[in-house]
2 protein chains.
Amino acid sequence: MADMTIQEALYTTRAMRRIKKDPIPEDVQARILDAAIRAPSGGNSQNWRFLLVDDPKVRGELGPIYRDCIENLWKTFYADRIKAMQATPDAADSIEMGKVLKSANWMARHFEDYPLLLFAFAQGDPTGGSIFPAVWSAMLAARAEGVGSTITSVMLFQIDDVLKILGVPADEGWVFACCVPMGYPTGRWGLARRRPAHEVAFRNQWGEPLGIEIPEPLWTPE
Amino acid sequence: MADMTIQEALYTTRAMRRIKKDPIPEDVQARILDAAIRAPSGGNSQNWRFLLVDDPKVRGELGPIYRDCIENLWKTFYADRIKAMQATPDAADSIEMGKVLKSANWMARHFEDYPLLLFAFAQGDPTGGSIFPAVWSAMLAARAEGVGSTITSVMLFQIDDVLKILGVPADEGWVFACCVPMGYPTGRWGLARRRPAHEVAFRNQWGEPLGIEIPEPLWTPE
């Protein structure tokens with residue numbers, strides 16, 4: 001694994017969707033997975049399974065389903081944001097939404113081309129707190145290898161079809177957490193736009209000031 | 001933030017519950033929160049709120065509730081594992097369960113003594129995939145500062161009381177994700193016991209071999 005500081009990994013691992021078709025070597029895959037399973041889980045129960053998909057046939061079956069799900073997402077959960085974007089295209093939120101839409105639609109069009117899909121499943125994890133640390137560790141470890149990734153749970157819209165394609169048993173209680181498409185990025189790494197911490201954090205009581213102001217990122221690339 | 005590689009952070013950030021009462025300085029808190037909000041979230045919506053609790057009065061109100069919840073946890077979700085532990089105390093799983101019990105009960109007894117509690121809340125995040133990357137980033141950033149932490153969602157058992165104590169509005173749709181008690185550890189950092197990746201990962205179809213064997217951790221402390 002490349003020598004990278006924890007700061008650089010935490011600050012530059014953003015949702016990375018535009019990727020090349022180049023395969024991810026097995027030793028890189030091994031380092032990604034080995035980092036993932038070091039994460040904690042409730043009661044150290046490690047009730048997780050990871051499914052790596054690189055077979056073009058399986059990816060080919062998932063692609064059309066993924067595109068249907070994304071179309072569904074725009075029409076439902078994102079309908080209001082998209083409407084607001086069209087009404088006030090110059091607002092900061094609209095510009096951000098436009099970027100997300102463009103990037104997510106790029107991913108939908110190229111879904112079959114991601115060289116590796118990592119699916120994560122959990123049991124007995126009502127909040128996601130016992131699976132997403134492992135998933136995010138995988139993505140941070142991937143970042144250190146120069147591999148970009150993003151979390152998508154949109155396939156929940158057609159989860160029965162997805163589980164069937166992947167051969168997930170229906171009667172063992174495994175719950176789909178997410179799919180993480182991975183690959184080498186076409187673009188550059190960098191800090192993403194975020195609301196500063198003091199605008200989304202309180203102290204001692206909801207709504208009370210944090211007592212710390214952090215207007216600019218505390219780490220930036222050299 | 002201390003200079004630490006991403007590997008060391010990912011491999012040694014385990015659930016750390018035995019901590020000292022020493023407070024966490026504000027500049028350290030700032031670096032933890034600023035790292036947290038760099039994490040990705042669905043549609044970059046950043047529908048998260050973080051609540052830092054260091055007021056002894058608030059911690060004092062939460063302590064008894066936390067202990068009730070833990071008692072409840074042992075009697076319900078962990079009843080079978082505890083029974084198995086008592087039946088076969090020498091089995092590897094029983095030894096692990098014993099460690100978890102002892103450590104979690106230590107935390108319950110000392111809940112009021114954690115110098116900082118980080119509560120995380122989300123909106124519109126059915127899987128937890130838009131809040132736990134940020135939570136885990138906070139924990140990794142804390143690790144780099146020498147601050148230990150653990151994720152606990154057990155307060156879900158008495159969530160209405162907890163939300164009332166914290167002043168969380170009931171009508172804004174904020175969902176409790178977890179509480180992360182933080183502090184400087186009494187013990188040492190190190191690799192936790194985990195099942196190797198090839199035992200919990202498949203390739204292309206559920207149940208099919210991963211095709212990579214990773215019997216030993218690919219990173220170890222020097």
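This report walks through a predicted model of two chains, from their contact to single residues.

## Ground rules

Residues count from 1 along each chain as its sequence is written, while chains are lettered from A and ligands numbered from 1 in the order in which they are written. Because the model is predicted, local features need pLDDT of at least 70 and side-chain atom pairs count only at pLDDT 80 or more, but totals for chains, interfaces and linings use all residues.

## Two chains, one axis

Two copies of a chain are related by a rotation about an axis and a shift along it. Here a rotation of 180° with 0.0 Å of shift along its axis superposes chain A on chain B, with an RMSD of 0.0 Å. That is the relation of a two-fold axis.

The contact takes 74 residues from chain A and 74 residues from chain B. Elements of chain A that each supply at least two residues to this side include α2 (26-36), α5 (92-109) and β5 (201-203). By class, the side of chain A has 44 nonpolar, 17 polar and 13 charged residues. Ala, Val, Leu, Ile, Met, Phe, Trp, Tyr, Cys and Pro count as nonpolar, Asp, Glu, Lys and Arg as charged, and the others, Gly among them, as polar. The copies meet through the same surface, because 100% of the interface residues of chain A are also interface residues in chain B. Contact means C-beta atoms, placed from the backbone, within 7 Å.

## A sheet across the chains

Helices (H or I, at least four residues) and strands (E, at least two) are DSSP runs, numbered from the N terminus. Two strands pair if DSSP finds at least two bridges between them. One open sheet has five strands in the order β5(A)-β1(B)-β2(B)-β4(B)-β3(B), with mixed pairing. Its edge strands are β5 of chain A and β3 (148-149) of chain B, and each pairs on one side only.

β5(A) pairs with β1(B) in the parallel sense over three bridges, and R203(A) stands opposite L52(B). β2(B) and β4(B) run antiparallel and share seven bridges.

Which residues point each way from β1(A)? W48(A), F50(A) and L52(A) point one way, R49(A), L51(A) and V53(A) the other, and all are buried. Buried means 20 or more other C-beta atoms within 10 Å of a residue's own, exposed means 12 or fewer, and partly exposed lies in between; C-beta atoms are placed from the backbone. Six antiparallel bridges join β1(A) to β2(A), where R49(A) faces F121(A).

The largest nonpolar core has 131 residues, and V135(A), A138(A), V135(B) and A138(B) touch the most other members. Such a core is a set of buried Ala, Val, Leu, Ile, Met, Phe, Trp, Tyr and Cys residues joined through C-beta atoms within 7 Å. Beyond its neighbours within four places in sequence, V135(A) contacts A120(A), I151(A), A177(A), C178(A) and V180(A).

All 13 of the 13 residues of α6(A) are buried, so this helix is largely enclosed by the rest of the structure. G146(A), with a positive phi near 80°, follows α6(A).

Most residues other than glycine have a negative phi. Q46(A) is not a glycine, yet its phi is positive, about 50°. Q46(A) sits in the loop between α2 and β1 of chain A and is buried, with 21 other C-beta atoms within 10 Å.

N204(B), also not a glycine, has a positive phi of about 70°. N204(B) lies in the segment after β5 of chain B and counts as partly exposed, with 19 C-beta neighbours inside 10 Å.

Conventions
Contact = placed C-beta atoms within 7 Å. Least-squares fit on C-alpha atoms with pLDDT ≥ 70 in both.
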